[in-house]
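Open the model in your viewer and keep the selection panel at hand. The tour moves from stop to stop, with something to select at each.

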Amino acid sequence: LADIEDDLGNQEEAIRLYKQSVAVFSGLEQKHPREANYRYLRAVYLSNLAGLYRDFGQLKQAEETLDEAYGLASSLHEKQAASVEYAALLGQIHNVRGVVYLDLGQVDNAEKARLETVNLWQQIFDVDDQPAHYHQVAVSHNNLADFYRSIGDDEKASKHFGQAQTIWEKLTTDKPLVAEYAAGLALCEYSLGVVYLDKGDLNEAESLLMASEGRRRRLAETHRQLPQYRDDLAASLDSIGRLLHARNEFDAAADDYRAALTIREDLRNNYSNVPKYEVAYAASQMNLGDLYTDGGRYAEAANYFRIAVDIPARVVDENPNAVTYSEHLAGAYYNLALTLSLEGDASAALENVELASAIHRELMNGPSGGETQTESLAKCYDLMALIQENQSQLREAITTYERLIDLPGVASRSTDGVRRLA
């Protein structure tokens, strides 16, 4: 029942049912301590429960639940190392761990979990070469590639996306009616297309993104009751919008962005308690804001960015440990500040870029601190100093440049500004 409710997007009911399952198997385990299957099933449902906690942004609960599941699964695997079932459970747990660690900003732990997932599923497939296990090898490579893409290592990302794509192409050829395999291939095409899009290789990106969008549209139409396929289609439409935007095809880009926004608004309305749909809806608003900013329509762009700020601000208040949500909010503040500065509202622009800076400073000093947060904060200070300089607030601009000098690795960028203003 929990599995079905989860697939239908009824995550709160799924959480309730998974908790009941965990409680039942915990009771059975206490009565029958030698029965390993009860411990195994408790670990399975703890892992599923952790995944749902993550979807709701409850990352500490997800981490604690995963630690409990891992303790159970690793003890089982140590006693029966040859068991495919126990190894598969560890692979499932490591996979969810990788997502949660990345959300918490624990990059090294996220990479370790992703690598362990790949190794486990490859070992399982080498022992028992079932299509379902081959599919999990592809999933683990795709997730590892997605991790590398998120930290800017496009070379490793492309390598693992390519490995996942090869596997899913074979699986979809052998079993074309299995939706899970088609969805996997579409995910891989989408992710690899985004890598090429970020590199500026628009022709290669277009081929992959259009193939992914076609598969996802068919899945969304065939399985209308499953929200995940509609969310995937929206992501593909957004990426094609970005491609068209990069080609300066503004009207066509706006059409795809609005199509994605329509889907995400429907998901947001129907699953109002799921933070990821809220944040995805805000991301679509930001895409339209970026488009209108580049088109010089600053007032309209600012309206989109204000919506993009309002939604994740509420989500961050409810999920303060979710680094990805905080990063999204900071990005929305920054984009709004940039648009307001172009529109000529310097006071409001400074207010919003300071809000973005405050988030990045907090993240930089936390477990997610590192080069990415430093670069984001430096970007905020650059914009802040430029606005202050244009407003003849020269002492304030010098102070901002000095804050920039204090950031590791960016001193040369800011000393020129200080010299000029001095």
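Is arginine 247 buried, partly exposed or exposed? Select arginine 247: at 26% relative accessibility, it counts as partly exposed. Keep in mind throughout that this is a predicted model.

**Stop 1**

Arginine 247 sits in the loop between helix 11 (227-246) and helix 12 (250-270), while glutamate 206 belongs to helix 10 (residues 202-222), so the pair ties together parts that are 41 residues apart in sequence. Glutamate 206 has 29% relative accessibility and counts as partly exposed.

**Stop 2: helix 12 to helix 13**

Now select glutamate 278 and arginine 268. These two form a salt bridge, with the closest N and O atoms 3.2 Å apart. Glutamate 278 lies in helix 13 (residues 275-294) and arginine 268 in helix 12, so this bridge joins parts that are ten residues apart in sequence. Glutamate 278 counts as buried, at 9% relative accessibility. Arginine 268, at 19%, also counts as buried, because the cut-off for buried is under 20%.

**Stop 3: helix 2 to helix 3**

Go to glutamate 29 and arginine 39. Their side chains meet in a salt bridge of 3.0 Å, N to O. Glutamate 29 is in helix 2 (residues 11-31) and arginine 39 in helix 3 (residues 36-55), so the pair ties together parts ten residues apart in sequence. Glutamate 29 is buried at 12% relative accessibility. Arginine 39 is buried at 16%.

Together with Glu29 and Arg39, they are linked in a network of salt bridges. How many salt bridges are there by this rule? The count comes to 20.

**Stop 4: aromatic pairs**

Stay with helices 2 and 3, but switch to rings. A search of the whole structure finds eight aromatic pairs. Select phenylalanine 25 and tyrosine 38: they form a tilted pair, 6.3 Å centre to centre, with 35 degrees between the planes. Phenylalanine 25 lies in helix 2 and tyrosine 38 in helix 3, so the pair ties together parts 13 residues apart in sequence. Phenylalanine 25 counts as buried, at 15% relative accessibility.

Next, select tyrosine 40 and tyrosine 86. This aromatic pair is tilted as well: 5.8 Å centre to centre, 45 degrees between the planes. Tyrosine 40 lies in helix 3 and tyrosine 86 in helix 5, so the pair links parts that are 46 residues apart in sequence. Both tyrosine 40 and tyrosine 86 are buried.

**Stop 5: helix 5**

Helix 5 covers residues 84-103; at 1.5 Å a residue, its 20 residues should span 28 Å, and its end C-alpha atoms are 29 Å apart, which agrees. Of those 20 residues, 14 are buried, so helix 5 is largely enclosed by the rest of the structure.

Check both ends. At the start of helix 5, a side-chain oxygen of serine 83 reaches to within 3.4 Å of the backbone nitrogen of glutamate 85. After helix 5 comes glycine 105, with a positive phi near 80 degrees.

**Stop 6: the nonpolar cores**

In soluble globular proteins, nonpolar side chains tend to be buried together. Which residues have the most contacts inside the largest nonpolar core? Select Tyr40, Leu89, Phe161, Trp168 and Tyr229; the core itself has 76 residues.

Zoom in on phenylalanine 161. Neighbours within four places in sequence aside, it is in contact with Asn142, Ala145, Asp146, Cys188, Ser191, Leu192 and Val195. A second, separate core has 60 residues, including Tyr257, Tyr292, Ala332 and Ala356.

**Stop 7: asparagine 352**

Finish in helix 16 (residues 346-364), where asparagine 352 lies. Is asparagine 352 buried or exposed? It counts as buried, at 10% relative accessibility. Show what surrounds asparagine 352: leaving aside neighbours within four places in sequence, it is in contact with Tyr333, Leu336, Ala337 and Leu340.

Definitions and conventions: Residues numbered from 1 in each chain as written. Predicted model: local features only at pLDDT ≥ 70, side-chain atom pairs only at ≥ 80, totals over all residues. Heavy atoms only, no water. Salt bridge = Lys/Arg side-chain N within 4 Å of Asp/Glu carboxyl O. Helix = DSSP H or I, 4+ residues; strand = E, 2+ residues; numbered from the N terminus. Buried < 20%, exposed > 50% of the residue type's maximum accessible area, 1.4 Å probe, protein only. Core = buried A, V, L, I, M, F, W, Y, C linked by side-chain atoms within 4.5 Å. Contact = heavy atoms within 4.5 Å. Expected span 1.5 Å × (residues − 1). Polar contact = N/O pair within 3.5 Å; in protein donor to acceptor, adjacent residues only side chain to side chain. Phe/Tyr/Trp six-rings, centres within 6.5 Å; stacked < 30°, edge-to-face > 60°.
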